[in-house]
Amino acid sequence: MIEIQTLSASDAAFALAMEIREEVFVAEQSVPQELERDEYDDTALHFLSLIDGEPVATARVILKDEGRTAKIGRVAVRKAHRGKGLGKELLDAIERDRALTGVHRFVLDAQIHALPFYESLGYVAEGPEFQDAGIRHRHMTKLSGTKFF
Ligand code: COA
């Protein structure tokens with residue numbers, strides 16, 4: 001059974017989300033540890049997907065523009081669980097979350113390899129490619145309520 005929890009940094013389960021990020025971004029993608037964790041973690045809304053109680057995916061959301069813009073980041077599905085729809089389910093849950101009902105648009109900085117993933121969810125790339133933590137990225141946007149079929 002899949003469960004998606006909404007957490008803040010003070011919740012005990014926050015450590016489980018950080019373990020997934022450490023495994024995916026630091027160990028797998030070689031992002032320096034000091035860049036992986038940042039000051040936004042303290043105030044962000046964190047999401048954690050569990051299958052039968054096992055933590056499998058995470059993401060965080062930072063609210064901007066008085067809650068009208070939500071920046072999604074640190075989207076990570078553990079390697080053994082990729083390609084099964086968990087990333088899509090997590091993003092869908094974020095867009096539907098009651099704490100984010102005032103959001104007009106979702107934005108994110110996508111790693112280039114993940115562009116097709118976000119495009120399949122209705123996100124549109126804009127602006128030039130840029131480097132962050134040594135990884136190529138593009139900015140992407142989706143207006144709230146935009147369904148993609
Ligand atoms: N290339 C092309 N399409 C992809 C893709 C890829 N690398 N990854 C997923 N997709 C597509 C799937 O085919 C699926 O399309 P469909 O609905 O038409 O079948 C859709 O995106 C949803 O895929 P899903 O199974 O939910 O993706 P996932 O659970 O594997 O999660 C990531 C995708 C990117 C989050 C996951 O691969 C991951 O955690 N990667 C490592 C960390 C990372 O790079 N995070 C992104 C930072 S911007």
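Is Glu-66 buried or exposed? Glu-66 counts as exposed, because its relative accessibility is 73%. The terms work like this: buried means under 20% relative accessible area, exposed means over 50%, and partly exposed is in between, with a 1.4 Å probe and protein chains only.

Before going on, some ground rules. This is a predicted model, in which local features need pLDDT of at least 70 and side-chain atom pairs count only at pLDDT 80 or more, while totals for chains, interfaces and linings use all residues. Residues are numbered from 1 along each chain as its sequence is written, and side-chain values use heavy atoms, with hydrogens and water left out.

Back to Glu-66. Glu-66 sits in the loop between E3 and E4. Helices (H or I, at least four residues) and strands (E, at least two) are DSSP runs, numbered from the N terminus. Phi of Glu-66 is near 55 degrees, a positive value in a residue other than glycine.

Asp-52 has a positive phi too, near 45 degrees, and is not a glycine. Look for Asp-52 in the loop between strand E2 (45–51) and strand E3 (54–64). With 64% relative accessibility, Asp-52 counts as exposed.

Now a residue on the inside. Arg-21 belongs to helix H1 (residues 14–28). Arg-21 has a relative accessible area of 1%, so it is buried. What does Arg-21 touch, not counting residues up to four places away in sequence? The list is Val-26, Glu-36, Arg-37, Asp-41, His-46, Thr-58, Arg-60 and Arg-74. Contact here means heavy atoms within 4.5 Å.

Gln-29 counts as partly exposed because its relative accessibility is 24%. Leaving aside neighbours within four places in sequence, Gln-29 is in contact with Val-24, Gln-111, His-113 and Ile-135. With one of these, Gln-111, the side chain of Gln-29 makes a polar contact, side chain to side chain, at 2.8 Å. A polar contact is a pair of N or O atoms within 3.5 Å; within protein, one must be able to donate a hydrogen and the other to accept it, and residues adjacent in sequence count only if both atoms are side-chain atoms. Gln-29 and Ser-10 are 19 residues apart in sequence, and their C-alpha atoms are 27 Å apart in space.

Rolling a probe the size of a water molecule over the atoms shows where empty space is left. The largest pocket holds about 930 Å³ of space. Its lining has 40 residues, and the closest to the centre are Phe-25, Arg-74, Val-75, Gln-111 and Tyr-118. A pocket is found on a 1 Å grid over the protein atoms alone, as an open set of points where a 1.4 Å probe fits, with protein on both sides within 12 Å along at least five of seven lines; lining residues have an atom within 4 Å of a point. Grid points are joined across faces, edges and corners, and the volume is the space filled by probe spheres set on the points.

Which strand gives the largest share of that lining? Strand E4 (residues 69–77) does, with seven residues. By class, the lining has 19 nonpolar, nine polar and 12 charged residues. Ala, Val, Leu, Ile, Met, Phe, Trp, Tyr, Cys and Pro count as nonpolar, Asp, Glu, Lys and Arg as charged, and the others, Gly among them, as polar.

There is also a ligand. It is surrounded by 20 residues, and the closest are Val-75, Val-77, Gly-85, Gly-87 and Lys-88. Near means that a heavy atom of the residue lies within 4 Å of the molecule. A polar backbone atom of Val-75 is 2.8 Å from a nitrogen atom of the ligand. For Gly-83, a backbone N or O atom lies 2.8 Å from a ligand oxygen atom. Gly-87 likewise has a backbone N or O atom 2.8 Å from an oxygen atom of the ligand.

Gly-85 lies in the loop between E4 and H3. It is partly exposed, because its relative accessible area is 36%. Lys-84 is found in the loop between E4 and helix H3 (86–96), and is exposed at 53%. The side chains of Lys-84 and His-81 are joined by a polar contact of 3.5 Å.

Last, Glu-95, which is in helix H3. Its side chain makes a polar contact of 2.7 Å with the side chain of Tyr-123.
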